[in-house]
Amino acid sequence: MLRSQGIKGPSYRFLHGSTKEILNMRKETMSRPMDLSHNIFPRVQPHIYSWLNMYRTNFVFWYGPKPQIVVTELEGKLLYKMAELQSIPKKGIVFTRKQYGLIGMGRLTKMKWKEKGIKGPSYRFLHGSTKEILNMRKETMSRPMDLSHNIFPRVQPHIYSWLNMYRTNFVFWYGPKPQIVVTELEFVKEILNNRDKVYQTMDSEGFLKKLFGGGLVALDGEKWAHRRKLAHYAFHAESLKNMTPAMITSVEIMLERWKQYKGKEIDVFEEFRQLTSDVISRTAFGSSYLEGKDIFEMLMKLTNLMARNAFKIRLPALSLFFKSGDNIESEKLEQGIRDSIIKIIKKREKATSGGLHNFGGDFLGLLLESNHNVDEGNRITEQDMVDECKTFYIAGHETTTSLLSWTVLLLSIHTDWQEKARQEVIKTFGQQLPTSDGIARLKMMNMIIHESLRLYPPVIALLREVKREVKMGDIILPANIKVHVPTLALHHDTQIWGENAHLFKPERFSEGVAKATNYNPAVYLPFGLGPRSCVGLNFATNEAKITLSMILQRYSFTLSPAYIHSPVPVLTISPQRGVQMMLHAL
Ligand code: HEM
């Protein structure tokens with residue numbers, strides 16, 4: 001009867017009404033502790049929270065066989081519209097909600113931000129700013145862009161337009177969770193240097209958690225320090241020298257494939273994907289692209305699912321009952337990745353079962369050594385190993401693929417720089433294979449790579465979470481707020497880089513990074529800054545220099561007419577439709 005009057009609500013179960021559903025939701029939320037936030041509504045009344053989100057207002061649920069109508073529409077102050085309630089049956093129970101309770105912490109906190117003079121886009125119930133972000137992104141992505149390097153308005157239209165509106169330190173809402181965007185350079189330094197150990201890595205959730213698990217990127221404290229040491233050891237200068245032959249082998253395999261493309265079009269984005277996968281497989285895991293192929297494909301699918309769902313807010317209570325198709329697929333992928341990594345780990349264990357300290361000197365060997373450590377305090381579990389392998393498979397190839405693809409694009413447009421780079425390579429190596437010493441002397445190449453990373457930084461933002469209340473200048477940041485340092489915005493800021501900020505000018509870096517940045521490291525963050533900065537920096541730049549040198553020795557390249565410029569943020573900035581080149585053998 002209520003349904004026929006247009007009043008919605010959860011379905012009625014014989015005798016129990018909605019009570020079983022309510023009990024299940026409460027059991028779930030009460031089974032885990034909540035973080036120290038005041039956003040208690042989803043925990044205390046998960047049923048009202050999730051149904052309100054579904055039905056908005058005036059919905060009915062069933063207390064056993066008895067209906068209750070939940071009314072949230074306000075008229076004037078706290079009065080509900082009596083007119084709309086006329087269709088309630090005589091014995092219907094009217095359940096009004098406490099005004100501030102249901103509006104939730106989002107709106108309340110927003111009031112506090114406003115009082116503090118911190119501006120930002122308006123907060124929408126439960127969705128925060130995500131709908132606005134999705135609309136802006138849909139709009140910019142719906143049309144191709146011209147072949148310019150002014151990519152910030154397209155890749156992050158929300159940050160771009162809000163920065164224009166509010167200048168700095170504005171708050172937007174990732175669902176009900178606030179994020180403060182900080183561009184003031186002294187604060188950027190404070191945050192990334194983790195002053196007072198307050199600005200920690202963000203707790204990853206959902207798809208991101210499935211991608212990185214509890215790997216280095218997601219850790220903090222002692223665990224992080226231990227793993228960071230391990231990774232640092234695996235990728236330090238001496239180890240890198242030993243990796244040069246493996247990197248060269250991977251590039252040779254790629255260039256062998258390229259022979260069939262002479263005078264033809266080639267999508268270098270796809271090529272670099274395979275190359276960087278092969279490089280990380282050989283150098284860190286002692287295997288090859290083919291052996292790790294399944295893992296990379298599954299990681300790529302998981303990355304795409306993550307990007308597709310980046311701004312979709314799902315209520316925790318709802319996720320329990322209804323798994324989206326993407327959620328089900330991501331669980332399968334997570335399991336598949338785990339199984340494949342364990343196979344690689346077991347294979348190494350078997351091949352090197354000669355005892356302790358004999359698992360091989362690469363990253364996987366170090367992980368296994370740590371897994372077999374007699375000292376329990378320093379021992380890592382099998383799950384830790386899986387998470388760490390995932391992290392390095394992803395971090396080791398997505399980012400470098402992005403760097404190589406955009407650099408080749410830039411050199412195909414700015415052919416004068418392509419020629420300068422080639423001359424330097426020929427002068428250093430002739431037609432011989434690159435060497436570690438020679439790579440360190442490639443100055444022109446260095447400038448080109450720095451400028452490419454400035455215009456197209458693979459990682460477009462650095463995110464942190466405030467662990468306890470802290471003062472940032474005049475602003476008091478509450479615990480749990482997310483802090484967003486917008487790398488792409490800083491790299492394209494005309495006040496920092498001048499009016500030609502969007503142009504490719506490698507000469508900016510002719511006297512080194514310090515001079516180009518006017519001795520302020522906070523303005524240029526392709527590899528981050530401070531203790532969490534990239535552990536693979538030298539690995540990635542060596543790999544890029546070897547690859548570019550070997551290409552430049554053999555080919556000149558121009559942009560194919562088929563190329564469509566469409567940079568998109570996936571995990572890194574990626575060319576949505578590939579990077580098509582015409583190859584000309586030298
Ligand atoms: C051009 C290539 C690369 C770029 C632009 C890049 C960028 C970055 C950035 C910006 C961070 C800091 C993130 C933050 O502060 O929140 C980072 C961290 C990290 N990178 Fe890279 N990266 C690259 C290549 C690599 C490679 C090749 C590896 C592995 C072999 C790697 C492994 C990592 C790891 C494990 C972290 C986390 C470090 C920590 O939390 O202590 N990266 N990277």
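This text walks through the predicted model, from its overall make-up to single residues. Residues are numbered from 1 along each chain as its sequence is written. Because the model is predicted, local features need pLDDT of at least 70 and side-chain atom pairs count only at pLDDT 80 or more, while totals for chains, interfaces and linings use all residues.

The protein has 24 helices and 15 strands. Both are DSSP runs numbered from the N terminus: helices are H or I with at least four residues, strands are E with at least two. Of the 586 residues, 39% count as buried. Buried means 20 or more other C-beta atoms within 10 Å of the residue's own; exposed means 12 or fewer; partly exposed lies in between, with C-beta atoms placed from the backbone. Among contacts with a separation of 6 or more, residues 24 or more positions apart account for 71%. A contact needs two C-beta atoms, placed from the backbone, within 7 Å.

Now the ligand. There are 25 residues around the ligand, and Ala395, Thr399, Gly528, Cys534 and Gly536 come nearest. To count as near, a residue must have its C-beta atom, placed from the backbone, within 6 Å. Helix 10 (221-234), helix 17 (382-413) and helix 24 (537-554) each give two or more residues to this shell. The largest share, seven residues, comes from helix 17. By type, the shell holds 16 nonpolar, seven polar and two charged residues. Here Ala, Val, Leu, Ile, Met, Phe, Trp, Tyr, Cys and Pro are nonpolar, Asp, Glu, Lys and Arg are charged, and the others, Gly among them, are polar.

The UniProt annotation "binding site", from an unreviewed entry, covers Cys534. Such annotations may be inferred rather than shown by experiment; positions follow the numbering used here and feature names are shortened. Cys534 sits in the loop between helix 23 (513-516) and helix 24. Cys534 counts as partly exposed because 17 C-beta neighbours lie inside 10 Å. Not counting residues up to four places away in sequence, Cys534 touches Phe527 and Gly528.

Asn518 lies in the loop between helix 23 and helix 24. Asn518 is exposed, with 9 other C-beta atoms within 10 Å. Its phi is positive, near 55°. Most residues other than glycine have a negative phi. Asn480 also has a positive phi, near 80°. Asn480 is found in the loop between strand 10 (475-477) and strand 11 (482-485).

Three strands form an open, antiparallel sheet in the order 7-15-12. Strand 7 (265-267) and strand 12 (555-559) stand at the edges with a single partner strand each, so one side of each has no neighbour in the sheet. Strands pair if DSSP finds at least two bridges between them. Strand 7 and strand 15 (residues 580-585) pair over three bridges. Within this pairing, Glu265 stands opposite Met582 in strand 15.

Helix 3 (residues 46-55) is mostly covered, with seven of its 10 residues buried. Among the buried ones are His47, Tyr49 and Trp51. Arg56 follows helix 3 and has a positive phi, near 70°.

Lys119 counts as partly exposed, with 15 C-beta neighbours inside 10 Å. Lys119 and Met165 are 46 residues apart in sequence and 9.3 Å apart in space, C-alpha to C-alpha. Leaving aside neighbours within four places in sequence, Lys119 is in contact with Tyr166 and Phe170.
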